[in-house]
Amino acid sequence: MDAGSRCPLQEQLIQRKKYRENLDRFIPNRSAMDFDYAHYMLTEGAKRKKNPNANSPYQKLLAEAMNMNRTRILAFRNKPPEPVELMPHVSALYIPKPRRFIPQNPERILDAPDLVDDYYLNLLDWGSSNVLAIALGNTVYLLWDVSNGSTSELVTVDGENGPITSVSWAPDGRHIAVGLNNSEVQLWDAASNRQLRTLRGGHRQRVGSLAWNNYILTTGGRDGRIVNNDVRIRSHFVETYRGHEQEVCGLKWSTSGQQLASGGNDNLLFIWDRAKSSSNSATKWLYRLEEHTSAVKALAWCPFQGNLLATGGGSGDRSIKFWNTRTGACLNSVDTGSQVCALLWNKNEKELLSSHGFTQNQLTLWKYPSMVKLAVLDDHTSRVLHLAQSPDGCTVASAAADEKLIFWNVFGDPKARSEPFSNVNRIHIR
């Protein structure tokens, strides 16, 4: 057979070795046969079978001594050798995943004058429509296009009502809640630049934290109260959560919307169960956790494990803690060495980003669960109070007391092509 007529598939395989013997059949091996014994068995052996005396005990002992009890005349080689394996038999071949490149330089830096230097406020949020909202003094600005810095002014409040103490986009990316220093909360339609309503009476002091759960807006105030507001109805008070003794500075609903985490200046962390909410009386907490030794503002629910919560403590604590909110157990605690202001999970990798205040004023990217430092971003010169994540999960905005708004490509470039098999860690071979 000439080379041009070969089957391409066979050419890609390891060619089998050619043996002198044919392994498909058993062929007698002459070198292994005793021809004298074979002649005896064909001639004299037949006579012995006809003679009954040939089977006497003496004859049997003699046959054994002379090795004449063999029943086979023809001899064959051993069974064919095992076939040649096309690939080695390996239970698990480890293919190391290439380490992701993490840019150390900012993508863009914008001025943020009049950003209030207050650890307990929440003044930055990135909506699902890819619009960034930031409160600077008494004004909320919307950044519509990060690439060219296109901005607009949403609202400016009077000095007696300001400054603005919190902002939070609704899940639809169109409506936004604005918390005020005078204890009120305003709801705005950002697309039409129109105020829809004002929520009053839920708090007696400023509203520094906001969190959405579908059409429920949860507000946390300096008075220690947490209020659920149904923004669809006139009488918007639905539930009240009482547990904090000082200002509520952190609020986050879980991805499922079943659990609410709240942190306060009283060093307490509470987990609340939506199913146990009551409209008639204050709702009892699910867990009251006291392990932090300073204010708990930074809260982040894990996107790949629903009951995993990360929390960060203030300047007297400096730790990041991980909680199983199903059991209330603290899974791990890491001393970061500085005040923890905000936390964000990477949506595409098992990584956690933290922003810090005194004494290092940096952003730190951690590998989870080992909590090995992957990168340290230190372009800010004062404490990094706020973090917000773009809808695609790749870009992070940080706002600090140095009045800078910095954009980082720390979680990856969505346009970058991944390496072949980059999502595969192990290949099993048989």
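Analyst: What follows covers a pocket, a cavity and some annotated repeats. The model is predicted, with local features needing pLDDT of at least 70 and side-chain atom pairs 80 or more, while totals for chains, interfaces and linings use all residues. Residues are numbered from 1 along each chain, and side-chain values use heavy atoms, without hydrogens and water.

User: How much space lies in the largest pocket?

Analyst: Rolling a probe the size of a water molecule over the atoms shows where empty space is left. On a 1 Å grid over the protein atoms alone, a pocket is an open set of points with protein on both sides within 12 Å along at least five of seven lines; a cavity is a set where a 1.4 Å probe fits but cannot get out; lining residues have an atom within 4 Å of a point. Points are joined across faces, edges and corners, and a volume is the space filled by probe spheres set on them. Here the largest pocket holds about 1300 Å³. Its lining has 46 residues, and Asp-125, Trp-126, Lys-252, Trp-253 and Leu-344 are the closest to its centre.

User: How many cavities of 30 Å³ or more does the structure hold?

Analyst: One. The largest cavity has about 50 Å³ of space, and its lining residues include Ser-183, Arg-200, His-203 and Phe-237.

User: Which residues does the "repeat: WD" annotation cover?

Analyst: The unreviewed UniProt entry gives 157–198, 241–273, 289–333 and 377–410; positions follow the numbering used here, feature names are shortened, and annotations may be inferred rather than shown by experiment.
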